[in-house]
Amino acid sequence: MAETQIERKVVILGSGPAGLTAAIYAGRAQLEPLVIDGPQPGGQLTITTDVENYPGFKGGIMGPILMDEFREQAERFGTEIINTWISSVDLSARPFTLYGKASEDANEITTVIKAETLIVATGASAKWLGVPGEEPVPVGLGGNGVSACATCDGFFFRDKPIVVVGGGDTAMEEALFLTRFASKVTVVHRRDKLRASKVMQEKAFANPKIEFLWNSEIEEILDVDKGEVSGMVVKNIVTGETSTLDVDGVFVAIGHTPNTELFRNHLALNPNGYIVTKGTHTSVDGVFAAGDVQDYTYRQAITAAGSGCMAAIDAERYLENMEFDEHEAAAHEHVQASSPR
């Protein structure tokens, strides 16, 4: 099969809020951006149901519908969106080169993309438990009672009992936040002590709404057939005994993994694997990063969209400066060539 060759001034890797916002801005700047869908087109919002904290939708909006709106708006301004699996990149020289395959398991390179600038918006993936009932709807209850984002979904559990899984700072932050809504928050942890910092532990232990279930792990989330969480099967890993805990929601807070494996030997990453940025600028001139792939603090759709806007503007200015420098260099060469010897 012959390789497809594509050349663009702006290439955006990832089609979540960050990537598509970058595309909207780059498109309006008449840069004709190319967006490359990731393995989950639309990002994590496509497995979320109601989104009530994204500005502009007073009644809320379904996550997949919101991302369809992003996509159509980007395409309206001349964005081309393709689906290819990027297996490797070469960022050693401009234009940057991305090598695409038909799928992750394919062997043959089918698409070669040349980019004057690259915006990395590949996001981060929540770590999950891998238990029955956790899968996204309709197979499981993910996005419909099972969540990895308390800030996104906590409001839906007002005066209801819920569970937070995890023992680190993120889990304690989620648990404390959720006490604003839930009638009770039970923290389920595999060990007999927390990994969270001392100050976070003290805050959690002092909160009367938080209880702890130690040496325990979830075996199953109930009830997929009903389409809502009604409880969970919990196993004590010391005694081996199982029991059922009645809850209306499950928040998994065992961390996120940034989708940066592709750039491990090309861009500076922090110890947790997130791309190191100054603004949206990465360690490689002309490569920018936006959204959860570089944001390990906020991880919200609105902050991802904001950084996508910033990355597109940074890329536009980079291209303008590059063109100005090339023009100046050409003018200088012309003057020298015209000068009498």
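User: Which residues is I82 in contact with, leaving aside its neighbours within four places in sequence?
Analyst: This is a predicted model. In it, I82 is in contact with I6, L34, V35, I36, D37 and I113, leaving aside neighbours within four places in sequence.

User: Where does I82 lie?
Analyst: In strand 5, residues 80-83.

User: And is I82 buried or exposed?
Analyst: Buried. I82 has a relative accessible area of 16%, and the cut-off for buried is under 20%.

User: Take V35 from that contact list. How far apart are I82 and V35, in sequence and in space?
Analyst: They are 47 residues apart in sequence. C-alpha to C-alpha, I82 and V35 are 6.4 Å apart.

User: Switching to helices. How do the axes of helix 1 and helix 2 cross?
Analyst: At roughly 25°, and the axes come within 8 Å. Helix 1 covers residues 17-28 and helix 2 covers residues 63-76.

User: Parallel or antiparallel?
Analyst: Roughly parallel. Angles under 35 degrees count as roughly parallel, so helix 1 and helix 2 qualify.

User: What hand is the crossing?
Analyst: Helix 1 passes helix 2 in a left-handed crossing.

User: Which residues make the contact?
Analyst: From helix 1: P17, L20, T21, A23 and I24. From helix 2: M67, F70, R71, Q73 and A74.

User: How do those residues divide by type?
Analyst: The contact of helix 1 with helix 2 has seven nonpolar residues, two polar and one charged.

User: Now helix 4. How many of its residues are buried?
Analyst: Seven of the 10 residues in helix 4, residues 169-178, are buried. The helix is therefore largely enclosed by the rest of the structure.

User: Which ones are they?
Analyst: The buried residues of helix 4 are A171, M172, E174, A175, L176, F177 and L178.

User: Is T186 buried or exposed?
Analyst: Buried, with a relative accessible area of 7%.

User: Which residues does T186 touch?
Analyst: I162, V163, V164, E211, L213 and L245. That leaves out residues up to four places away in sequence.

User: New topic. How many disulfides does the structure hold?
Analyst: One disulfide. It joins C149 to C152, with S to S at 2.2 Å.

User: What hand is it?
Analyst: The torsion about the S-S bond of C149 and C152 is about 70°, so the disulfide is right-handed.

User: Are the two cysteines buried or exposed?
Analyst: C149 counts as buried at 17% relative accessibility. C152 is partly exposed, with a relative accessible area of 24%.

User: And C309, buried or exposed?
Analyst: C309 is buried, with a relative accessible area of 16%.

User: Backbone next. Which residues does the cis peptide bond with omega near -5° link?
Analyst: That cis bond runs from R94 to P95. P95 sits in the loop between strand 6 (85-90) and strand 7 (96-101).

User: Which residues are joined by the cis bond with omega about 0°?
Analyst: L222 and D223. The place of D223 is in the loop between strand 14 (216-222) and strand 15 (231-236).

User: What about phi of N215?
Analyst: Phi of N215 is positive, about 50°, although the residue is not a glycine. N215 is in the loop between strand 13 and strand 14. At 21% relative accessibility, N215 counts as partly exposed.

User: And what is phi of R299?
Analyst: Near 50°, a positive value in a residue other than glycine. R299 is in the loop between strand 19 and helix 6 (301-338).

User: Last one. Where does A268 lie?
Analyst: In the loop between strand 18 (256-258) and strand 19 (287-289). A268 is partly exposed, with a relative accessible area of 33%.

User: Which residues is A268 in contact with?
Analyst: Y274, I275, V276 and S283, leaving aside neighbours within four places in sequence.

User: How far is A268 from I109?
Analyst: Their C-alpha atoms are separated by 26 Å. A268 and I109 are 159 residues apart along the chain.

Terms used. Residues are numbered from 1 along each chain as its sequence is written. This is a predicted model: local features need pLDDT of at least 70, side-chain atom pairs count only at pLDDT 80 or more; totals for chains, interfaces and linings use all residues. Side-chain values use heavy atoms; hydrogens and water are left out. Axes are lines fitted to C-alpha atoms, for helices over the stretch in contact, and angles run from 0 to 180 degrees between N-to-C directions. Helices (H or I, at least four residues) and strands (E, at least two) are DSSP runs, numbered from the N terminus. Angles under 35 degrees count as roughly parallel, over 145 as roughly antiparallel, 65 to 115 as roughly perpendicular and the rest as oblique. A crossing is left-handed if the near helix is turned anticlockwise from the far one by less than a right angle, and right-handed if clockwise. Contact means heavy atoms within 4.5 Å. Ala, Val, Leu, Ile, Met, Phe, Trp, Tyr, Cys and Pro count as nonpolar, Asp, Glu, Lys and Arg as charged, and the others, Gly among them, as polar. Buried means under 20% relative accessible area, exposed over 50%, partly exposed in between (1.4 Å probe, protein chains only). A disulfide is a pair of cysteine sulfur atoms within 2.5 Å.
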